[in-house]
Amino acid sequence: MRVGIGYDIHQLKEERPLILGGVRVSHTHGLDGHSDADALTHAVCDALLGAMGEGDLGRYYPSSDPQFANMNSLDMLEGVCAKLEERGLRLVNLDAVIVAQAPRLGNYLAEMSKQLARVLRVDQSLVNVKVKSHDRLGTLGRQEGIAAQAVCLLAQVPSEKTS
């Protein structure tokens, strides 16, 4: 068994779409970043990479590389999943939290979980996404950004024995 933790944070910016967990969320601001700035999916990727001992997302998708500009973060997650398969690992479960003062995200959480589970190729019941406010404290409480954390548990896929 291997455990990984991931974290990401992005500033909110006008005239950007807000994408979290691969889901477009209706809001006046979106997250600013080199890719689509999906903080939730980035945290999930970092948790998986950490559990594999493979560093972080920046190692594979550096923001300094123009080929990753505006990239869909679910495509990044696909790449991380390929590494899981190469290493003979499978996801046991994933737990993630989005920290956002606004917008209200409760109605989007099931779809986020569904999209992440689809890319991870696991049952949706293994992917938990929740949201917390920052109680108006600090940068996140002032609605200057959104953060996400994820924790995952991986297990080795049993190898097939040949007779």
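Student: Which residue in β7 is the bridge partner of D8?
Tutor: This is a predicted model, so every value here is computed from it. Strand β1, residues 2-14, and strand β7, residues 145-156, run antiparallel and are joined by ten bridges. Within this pairing, the partner of D8 in β7 is A148.

Student: What stands opposite E14 in β4?
Tutor: β1 is also joined to β4, by three bridges, and these two strands run antiparallel. The β4 residue opposite E14 is H29.

Student: How many bridges join β5 to β7, and which residue is the partner of D95?
Tutor: β5 covers residues 89-99 and runs antiparallel to β7, with ten bridges between them. In β7, D95 has as its bridge partner V151.

Student: Which element gives the most residues to the lining of the largest pocket?
Tutor: The largest pocket has a volume of about 250 Å³. The elements that give two or more residues to its lining are β1, α1 (39-52) and α2 (57-60). The biggest contribution, three residues, is from β1.

Student: Which residues lie nearest the centre of that pocket, and how is the lining divided by class?
Tutor: The lining of the largest pocket consists of 16 residues, and those nearest the centre are H10, H42, L57, Y61 and S63. H10 is also the residue bridged to I146 in β7.

Student: Which element supplies the largest share of the largest nonpolar core?
Tutor: This core has 47 residues, and the members that touch the most others are L40, L48, L77, I98 and M112. Elements giving two or more residues to the core are β2 (18-20), β3 (23-25), α1, α3 (73-86), β5, α4 (109-120), β6 (127-132) and β7. The largest share, ten residues, comes from α1.

Student: Which residues is L77 in contact with, leaving aside its neighbours within four places in sequence?
Tutor: L77 is among the core members that touch the most other members. Leaving aside neighbours within four places in sequence, the contacts of L77 are T41, V44, C45, L48, L116, V119 and L120.

Student: Is L91 buried or exposed?
Tutor: L91 lies in strand β5. Not counting residues up to four places away in sequence, L91 touches L48, L120, V122, L126, C152, L153 and L154. Its relative accessible area is 6%, and the limit for a buried residue is under 20%, so L91 is buried.

Student: How far apart in space are L91 and C81?
Tutor: In sequence, L91 and C81 are ten residues apart. From C-alpha to C-alpha, their separation in space is 9.4 Å.

Student: Is R136 buried or exposed?
Tutor: R136 is found in the loop between β6 and α5 (138-141). Leaving aside neighbours within four places in sequence, R136 is in contact with Q101, G141 and Q143. Its relative accessibility is 61%, and exposed means over 50%, so R136 counts as exposed.

Student: How far is R136 from L40 in space?
Tutor: The two residues, R136 and L40, are 96 residues apart in sequence. Their C-alpha to C-alpha distance in space is 20 Å.

Student: A37 and N70 each have a positive phi. Which one is buried and which one is exposed?
Tutor: Most residues other than glycine have a negative phi. A37, in the loop between β4 (29-31) and α1, has a phi of about 65°, while N70, in the loop between α2 and α3, has a phi of about 60°. Relative accessibility is 0% for A37, which therefore counts as buried. N70 has a relative accessible area of 59%, so the exposed one is N70.

Student: What kind of peptide bond joins A102 and P103?
Tutor: Most peptide bonds are trans. P103 is found in the loop between β5 and α4. Omega between A102 and P103 is about 0°, and the bond is cis.

Conventions. Residues numbered from 1 in each chain as written. Predicted model: local features only at pLDDT ≥ 70, side-chain atom pairs only at ≥ 80, totals over all residues. Heavy atoms only, no water. Pairing = 2+ DSSP bridges. Helix = DSSP H or I, 4+ residues; strand = E, 2+ residues; numbered from the N terminus. 1 Å grid on protein atoms, 1.4 Å probe; cavity = no way out; pocket = protein on both sides within 12 Å on 5 of 7 lines; lining within 4 Å. Points joined across faces, edges and corners; volume = space filled by probe spheres on them. Core = buried A, V, L, I, M, F, W, Y, C linked by side-chain atoms within 4.5 Å. Buried < 20%, exposed > 50% of the residue type's maximum accessible area, 1.4 Å probe, protein only. Contact = heavy atoms within 4.5 Å.
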